Amino acid sequence: MKRYVVRRLLMAIPLLAAVSFICFMFINLIPSNPAEVALRVQQMPVITEEAVARMEEMLGLNKPFLVRYFDWLAGCLKGDFGISYVNPARTVAGELARCLPATLQLAAASFAIVAVLSVPIGFLCAVYKDGWFDRIMRGVIFISTAMPAYWVGLLLMWGMGVKLRILPTNGSGTWRHLILPAFTVSLSYISTYIRLIRNNMLENMKQDYVLYANVRGLPQRAILVRHILKNSMHTCIVAMGMSIPQLIAGTIVVENVFSWPGLGTLCISSIFNRDYPVIQTYVLLIGVLFVVFNLLFDILQTVSDPRLRREE
Amino acid sequence: MTPVFEAKELKVSVTGRRGERELVKGVSFSVEPGRCLGILGESGSGKSMSMKGAMGLLDRSFRVSGRVSLQGEELLTKSPEELRRMRGGKVGMVLQNPMTCFDPLYRIGNQIGETFAAHQGWSRAEIRSRSLEMLERMKIRNPEEVLEKYPHQLSGGMLQRIMIGIAMAMKPALLIADEPTTALDAITQLEILNEFIRIKEENTAVIFISHDLNAVSLAADEIVVFHQGMIVDRGDFRHILHRAKDPYTRLLAEKRTAVMRSYRRALEGKETIYA
Ligand SMILES: Nc1ncnc2c1ncn2[C@@H]1O[C@H](COP(=O)(O)OP(=O)(O)O)[C@@H](O)[C@H]1O
Ligand SMILES: [Mg+2]
């Protein structure tokens with residue numbers, strides 16, 4: 001077991017290296033000259049050849065591509081992600097650290113809503129398959145998968161905020177500010193997981209172990225919860241875990257709709273300002289999160305499955 | 001002697017997309033205490049369906065009609081909860097694929113224990129001691145260790161024994177075995193068959209379902225032959241073997257000679273191993 005975990009951790013290293021390289025390469029493929037952009041962003045009145053050259057020198061842009069990559073990587077490993085073009089007084093790390101808590105809060109609230117709603121609803125849909133509840137939920141799922149998140153967000157803002165005036169439509173601070181954006185983010189995930197859990201449970205119900213549980217005369221509730229739900233959740237675990245980085249990345253649109261002061265808002269404003277170091281680090285962060293969560297939940301699934309777990 | 005279990009004109013039909021289809025078309029049979037009824041028939045002939053229908057193991061898309069009685073009590077009119085308490089209690093059942101019948105996520109001891117807890121108000125300590133006692137009775141070595149094992153860590157024959165043990169632990173009046181030997185190798189099959197013969201001698205009624213005339217012949221006192229949801233022949237083994245009227249039954253009987261040969265070979269193999 002320990003060896004498996006160590007092997008998985010070691011295997012993650014080349015993956016992370018690849019993620020960082022691709023991320024660095026893409027940002028460097030952007031046609032405009034970063035030095036010029038940096039000068040323009042800093043509102044240099046006249047951009048002269050010498051100023052560009054000096055800036056290139058300062059940013060290390062005159063070095064070969066691979067050297068720059070390794071310089072940058074070494075910096076990243078030390079927690080130094082460079083300096084924001086827009087505001088040279090601020091480090092990229094500082095900017096991200098400032099915005100990260102708000103995004104994590106939003107992602108955590110969304111994940112909580114997803115888990116609290118989709119597990120029981122998916123469970124009930126499977127238990128009362130083709131009953132009225134299942135039919136209604138199937139309709140809701142169908143409609144909600146067809147609606148884009150930002151549109152639902154705007155609709156909620158208009159309904160709850162403007163018309164009914166019961167919830168604030170932008171900003172942050174109290175839990176009431178959190179409700180609309182968190183709900184908007186979670187909406188598409190809720191339908192995905194209701195469907196996943198429902199279908200997984202129906203698939204499990206056909207298994208021999210369920211027939212045998214009935215043969216042994218176990219109470220229906222024990223069969224549904226202890227056996228069928230547990231087995232279904234077990235298969236859903238990796239998908240659920242992978243949705244956490246997706247949630248973090250997915251807040252980007254919703255944060256902007258609700259002016260939520262998180263990473264998504266930072267990223268969009270950095271894109272408008274061509275603040276490349278910030279964009280680069282944001283993309284890297286999301287990539288790393290995907291790798292890390294994938295690893296984490298893969299290990300978790302292995303540890304929790306007696307068939308995969310090797311007794312030591 | 002009054003039968004423990006009796007089915008009269010038992011019918012099972014399923015409603016699918018293309019309307020209603022009759023899977024079991026009115027079968028009647030019964031079994032008395034200490035006797036073993038063999039249900040013989042090729043795969044798909046409705047053997048499992050008739051037992052599942054009788055014991056309330058089918059979902060709402062199936063319709064079961066006719067009359068089924070256990071110790072004089074009518075089963076088809078019972079509530080799901082009454083039927084549940086009967087299953088695993090008065091009626092023990094053993095299924096075909098021991099490897100897939102246990103929940104892969106729970107230890108064997110846990111699954112034995114939950115079955116006992118569903119039928120008796122025993123304490124944890126009592127459940128444990130009864131579980132150990134059951135495993136010992138089923139001649140399972142290192143019972144303490146086996147309780148801690150997960151299903152995938154045990155062999156098919158061992159799990160089949162545990163299934164029989166679970167069924168017999170509640171001292172059922174009827175034991176239904178649905179193809180209990182089909183998934184096992186020849187030597188283990190024989191051991192399991194001997195187990196059923198022993199159970200029969202303890203005065204439990206046994207219904208032994210199989211598509212294998214040979215296995216049925218070793219355990220059963222009386223045989224009914226299923227074909228496409230109907231009973232086409234009935235009688236003792238000698239009758240089935242020599243005087244069967246139905247062409248399908250005769251085909252089964254003829255196949256037996258070939259099967260018997262392979263059995264003998266397996267037995268000889270076993271003797272050389274132990275020699
Ligand atoms: N869930 C089901 N829905 C509809 N038909 C079924 C279902 N399960 C089995 N059948 C059909 O019922 C018939 C009898 O099956 P079964 O009783 O399992 O046969 P066996 O004699 O091998 O035990 C078969 O023709 C099979 O196709
Ligand atoms: Mg069958």
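1. In β10(B), B:G235 is the bridge partner of B:I223. The pairing behind this is between strand β9 (residues 222–227) of chain B and β10(B). The two strands run antiparallel and share 5 bridges. Note that this is a predicted model.

2. The sheet around that pair is open and has 6 strands. Its order is β6-β7-β8-β3-β9-β10 (chain B), and the pairing is mixed. At the edges stand β6 (91–94) and β10 (230–235) of chain B. Each has a single partner strand, so one side of each lacks a neighbour in the sheet. On average, neighbouring strands of this sheet are turned by 20 degrees against each other, direction ignored.

3. Chain B holds another open sheet, of 4 strands. Here the order is β2-β1-β4-β5 (chain B), and the pairing is antiparallel. The edge strands are β2 (19–31) and β5 (73–74) of chain B, each pairing on one side only. Helix α1 (residues 47–54) of chain B packs on this sheet. The helix touches β1, β2 and β4 of chain B. Its direction makes about 105 degrees with that of β1(B).

4. Strand β1 (residues 5–16) of chain B pairs with strand β4 (residues 62–70) of chain B over 8 bridges, in the antiparallel sense. B:K8 stands opposite B:R67 in β4(B). B:K11 stands opposite B:S65 in β4(B). As background, side chains in a regular strand alternate between the two faces of the sheet.

5. B:S69 stands opposite B:E74 in β5(B). The hairpin of β4(B) and β5(B) has 2 residues between the strands. In that hairpin, B:Q71 takes a positive phi near 45 degrees.

6. Chain A is a contrast in content. It has 12 helices and 0 strands. Read along the sequence, its pattern is α-α-α-α-α-α-α-α-α-α-α-α. The C-alpha trace of chain A spans about 85 × 60 × 30 Å along its principal axes.

7. One local feature of chain A deserves a look. A salt bridge joins the side chains of A:D134 and A:R138, at 3.1 Å from N to O. Both residues lie in helix α6 (residues 132–146) of chain A. They are 4 residues apart, about one turn of the helix. Over all chains, the whole structure has 28 salt bridges.

8. Now the interface. How many residues does each chain bring to the contact? Chain B gives 26 residues and chain A gives 20 residues. The area buried between the chains is about 2,400 Å². Carbon and sulfur atoms give 57% of that area. In chain B, the residues losing the most area to chain A are B:L105, B:Y106 and B:E114. Together they account for 26% of what that side buries.

9. A:R216 forms a salt bridge with B:E114, and the closest N and O atoms are 3.3 Å apart. The count between chain B and chain A is 2 salt bridges. Across the interface, 16 residue pairs are in polar contact, with both residues at pLDDT 80 or more.

10. Which helices of chain B each supply at least two residues of the side that touches chain A? They are α3 (98–101), α4 (108–119) and α7 (156–169) of chain B. The largest share, 6 residues, comes from α4(B). By residue class, the side of chain B that touches chain A divides into 12 nonpolar, 9 polar and 5 charged.

How values were computed. Residues numbered from 1 in each chain as written. Chains lettered and ligands numbered in written order. Predicted model: local features only at pLDDT ≥ 70, side-chain atom pairs only at ≥ 80, totals over all residues. Heavy atoms only, no water. Pairing = 2+ DSSP bridges. Contact = heavy atoms within 4.5 Å. Axes fitted to C-alpha atoms, helices over the stretch in contact; angles between N-to-C directions. Buried area = accessible area lost by both parts, 1.4 Å probe. Salt bridge = Lys/Arg side-chain N within 4 Å of Asp/Glu carboxyl O. Polar contact = N/O pair within 3.5 Å; in protein donor to acceptor, adjacent residues only side chain to side chain. Nonpolar A, V, L, I, M, F, W, Y, C, P; charged D, E, K, R; others polar.
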